[in-house]
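Open the model in your viewer and keep the selection tool at hand.

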Amino acid sequence: MEELVVIGNGMVGHRLVEALRDRDTGHQWHITVVGEEPRTAYDRVALSSYFDGASAQDLSLGDLTGPGVDIHVNERATGIDRTARTVTTASGRTLGYDRLVLATGSTPFVPPIPGHDRDGCHVYRTIEDLDAITASAQGATTGVVIGGGLLGLEAANALRLLGVNAHVVELAPHLMPAQIDEGAGALLKNLVDELGVTVHTGTATTAIEDTPHGGGHRLVLSNGTHLDADLVVFSVGIRPRDDLARAGGLDVGERGGVSIDDTCTTSDPRIHAIGEAAAHRGTVYGLIAPGNAMAEVVADRLLGGDATFTGADTSTKLKLLGVDVASFGDAHGRTEGALDVVVNDAAAGRYAKLVLSDDATTLLGGILVGDATAYATLRPMVGSPLPGDPLALITPEGGAALGADALPDSAQICSCNAVTKGALCEAIHNEGATDVPALKACTKAGTSCGSCVPMLKQILTQQGIEQSKALCEHFPQSRAELVEIVRATNTATFSALIAAHGTGTGCDICKPAVASILASLGGGHILEGEAATLQDTNDRYLANMQRNGTYSVVPRIPGGEITPDKLIVIGEVARDFHLYTKITGGQRIDLFGARLEQLPAIWSRLVNAGFESGHAYGKALRTVKSCVGTTWCRYGVQDSVGLAIRLEERYRGLRSPHKLKSAVSGCARECAEARSKDFGIIATDQGWNLYVGGNGGFTPRHAELLASDLDEDTLIRYIDRFLMFYIRTADRLQRTAPWIEALDGGLDHLRDVVVNDSLGIAHELEAAMTDHVAAYADEWAAVLADPDKLARFVSFTNAPDTPDPTISFTTTREQPTPDTPLNLGMPTHRSKEAAR
Amino acid sequence: MTTAPTQPATWINACPTHRLNRADGAAVLMPDGRQVALFRTLDDQYYAVDNIDPFTNAAVISRGIVGDRAGEPTIASPMLKNVFSLRTGQSLDDPAVQLTTWPVRVHESTIQINTRAEQGTP
């Protein structure tokens with residue numbers, strides 16, 4: 001086995017290790033990675049989402065440590081001995097190599113102006129930098145970002161999210177000079193100004209000094225003015241980390257960076273350099289796509305391949321402060337004789353430019369600001385003949401409407417991972433990738449920035465792949481389609497629906513799904529008549545089935561607020577029925593170990609004491625957690641308990657595709673953990689911030705900000721719309737996070753529907769919720785009042801009160817816990833466990 | 001494979017037909033202490049299989065969802081959603097697992113189950 005040492009564990013180093021590990025099936029290489037950051041590689045491109053709720057864990061690209069791969073974090077390489085072929089590290093390690101890869105990245109450039117190193121001056125590169133900026137922003141009112149490039153605007157947005165007034169100072173005459181032209185820059189400045197970020201272009205910072213009154217910083221500008229600020233973020237460019245290479249005697253580029261050839265090899269044939277540390281033909285790329293391409297080339301070369309890197313697409317599409325900005329191909333029209341076609345609609349906030357060849361037939365590049373939906377179609381067309389009138393392509397509908405059909409096989413659909421339309425078609429036809437997840441897995445297309453996902457769908461359709469959305473073998477329709485059918489036809493029963501629109505008698509997949517649809521569209525009690533036989537395990541007896549066939553009972557405790565009298569009732573019921581009690585994760589009390597036939601007696605006691613069903617058994621709203629808010633807390637800014645109770649009582653009993661949880665925090669300290677909920681609310685000085693799409697479970701996700709500073713009535717209107725839209729359009733058992741992800745346009749589209757009513761259905765969604773609220777009745781009280789429903793709650797039809805003989809308990813920590821069920825009656829056939 | 005306890009084949013009363021809805025199930029306690037899950041399908045066929053789920057040993061099969069797979073009448077265990085044929089008791093997910101079945105009949109509006117199980121019904 002040969003030794004590969006990789007210096008640097010950023011995105012590009014990670015990509016190299018991942019690619020090599022996946023393809024090195026003969027175990028030719030043992031890989032050692034040394035990285036100086038205290039954690040393994042993370043998504044630096046998405047760094048700003050750290051301010052929008054993502055945790056370091058969310059950003060992580062995953063730890064590749066495993067057989068054949070050792071990763072040392074917190075370990076800085078200090079020297080390369082090319083003769084001995086060793087790398088030394090700060091902790092005294094010496095690592096021998098057969099091949100070495102420099103993936104050391106870059107450092108933010110801090111101009112040597114006086115005062116650049118004062119406290120409260122930051123750069124924007126690592127998670128530690130972001131933590132430092134967050135700390136400086138505590139109590140700060142004004143922040144200045146020096147540098148109006150792509151990262152500078154992200155930093156400005158970060159300041160905004162931290163509640164700091166943000167200014168941007170840019171030396172060039174307009175923002176993002178590397179990517180866009182003056183016209184686009186002017187529009188971008190307008191759009192950014194509207195968001196409360198003040199932009200100062202065409203001016204340099206000449207010094208940072210004390211303000212006359214002593215507190216904070218005064219930035220002296222070259223235009224004769226000054227800016228006072230509490231913190232400063234430098235974002236004026238990067239410098240390749242080539243110090244190890246220089247010390248080791250490797251060739252470096254004129255403007256820095258380790259010189260590499262088309263095989264990504266340095267002047268030492270055993271050493272490669274990739275990413276922002278490398279200079280290819282003198283160019284240092286500050287983007288992820290070229291770095292990934294270099295990593296792939298080196299992985300291929302290490303395994304004897306002949307891949308080359310011959311330059312990279314520097315196209316970018318971003319959403320900066322909520323403004324779409326895209327630049328692709330020869331955006332600045334530097335090709336000899338290039339022609340421009342420009343639409344500059346300042347009133348509508350759109351700028352679009354196409355750069356064409358001198359005969360106006362071939363697309364060379366372009367710029368889009370304000371609306372970049374055409375990017376996915378236009379960028380792959382660079383170098384191809386135009387399919388029509390260029391002006392038509394950049395009208396609001398033109399470019400987006402033009403489909404995948406127009407593209408040649410050589411068109412690069414995913415520029416982040418260099419995947420062509422031809423490669424996607426091959427994956428579809430030869431590797432059986434018939435949906436978007438399979439295409440992602442096969443080709444990596446759509447796995448980085450995701451802007452090409454709509455194109456992936458188009459290509460699947462164009463290649464004749466019908467995406468199956470059938471609910472199960474009995475219904476060819478998707479859940480969302482069944483919702484529409486039920487609404488349009490006023491179908492009230494499963495039998496009628498399957499007779500008219502399905503086949504067979506149904507199953508454990510379609511029956512509960514249809515039961516849920518009928519219930520959320522106002523179908524009456526879930527145990528009424530035929531509906532009783534449709535319900536999933538827990539809904540069948542309005543309690544949660546546990547491993548020994550007994551049930552747990554969870555009365556509703558809205559917002560977690562409960563009186564001493566009610567607490568005593570719960571204690572008495574638990575004692576009298578010999579139930580195990582536990583506080584749940586959702587601020588309620590779980591009573592375990594009730595036998596089926598005991599449920600009515602238990603609930604009768606609870607209902608008499610004023611409790612109602614907590615729907616812990618249903619795909620329905622569960623809890624709305626709360627902190628104590630302004631009533632008790634020294635830090636609270638709003639009444640979180642009052643709001644949590646109002647929300648829980650409003651949405652109780654609401655059936656949905658998956659269980660729903662919520663929480664309300666009374667201040668930014670977030671004690672209710674609202675951002676791990678399907679909808680979470682956090683108080684601000686001005687009102688309430690609404691977050692959506694937080695999920696626990698198998699794939700945990702933090703909720704993202706949907707709308708800010710809402711008054712309570714607006715907040716409730718938005719939640720009504722959000723929940724009803726989810727109920728109507730989600731797939732069976734689809735949680736809110738994957739639902740939002742699967743929406744075309746994702747969170748932005750959701751915001752458009754919920755906040756801007758872009759589909760014109762807001763009123764209807766609200767009306768549906770009003771109906772739900774009006775029709776709510778406690779499910780358990782209704783069971784207790786109806787002998788037909790009560791008749792279901794028996795142990796045996798021929799011995800209604802005989803307890804199930806297989807159930808028994810032992811005592812653990814003074815409480816009953818289940819024995820492993822005794823298999824009395826012993827079926828004659830072996831169980832799965834016994835068969836093994 | 002063990003054999004059924006030796007006893008005369010007799011029919012025991014489970015419940016009146018009106019107590020078991022279509023596409024629903026109920027548990028029945030047999031004289032020998034065994035538990036049977038009794039089902040009625042949409043087309044009024046009656047079936048009886050073990051009430052104990054062989055994958056978890058919990059006595060809950062009667063609380064599952066009645067349906068069909070490609071026309072074969074089925075019951076899905078509520079515990080881990082394993083699906084069994086109501087006709088044969090065969091697990092449709094694991095060829096090694098099968099539920100015992102019992103003969104069922106309706107006698108003067110009463111559903112009756114035969115105490116002698118049809119073991120290994122094909």
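Which backbone oxygen does the side chain of Gln638(A) reach? Select Gln638(A) and Thr684(A): the side chain of Gln638(A) comes to 3.0 Å from the backbone oxygen of Thr684(A).

Before going on, note that this is a predicted model, where local features need pLDDT of at least 70, side-chain atom pairs count only at pLDDT 80 or more, and totals for chains, interfaces and linings use all residues. Residues are numbered from 1 along each chain as its sequence is written, chains are lettered from A and ligands numbered from 1 in the order in which they are written, and side-chain values use heavy atoms, with hydrogens and water left out.

**Stop 1: around Gln638(A)**

Gln638(A) sits in the loop between α20 (629–632) and α21 of chain A. Helices (H or I, at least four residues) and strands (E, at least two) are DSSP runs, numbered from the N terminus. Now show its contacts (heavy atoms within 4.5 Å). Leaving out residues up to four places away in sequence, Gln638(A) touches residues including Gly629(A), Gly666(A), Asp685(A) and Trp688(A).

**Stop 2: the sheet**

Select β32 to β36 of chain A. They form an open sheet of five strands, in the order β32-β33-β34-β35-β36, with mixed pairing. Two strands pair if DSSP finds at least two bridges between them. At the edges lie β32 (621–626) and β36 (704–710) of chain A, each pairing on one side only. Neighbouring strands are turned by 15° against each other on average, direction ignored.

Zoom in on β34 (679–683) and β35 (688–692) of chain A. They run antiparallel and are joined by five bridges. Click Gly680(A): its bridge partner in β35(A) is Tyr691(A).

Axes are lines fitted to C-alpha atoms, for helices over the stretch in contact, and angles run from 0 to 180 degrees between N-to-C directions.

**Stop 3: chain A against chain B**

Show both chains. The contact takes 45 residues from chain A and 49 residues from chain B. Select Asp536(A) and Lys81(B): their side chains meet in a salt bridge, at 2.9 Å from N to O. The rule (a side-chain nitrogen of Lys or Arg within 4 Å of a carboxyl oxygen of Asp or Glu) finds three salt bridges across this interface.

Methods
Polar contact = N/O pair within 3.5 Å; in protein donor to acceptor, adjacent residues only side chain to side chain.
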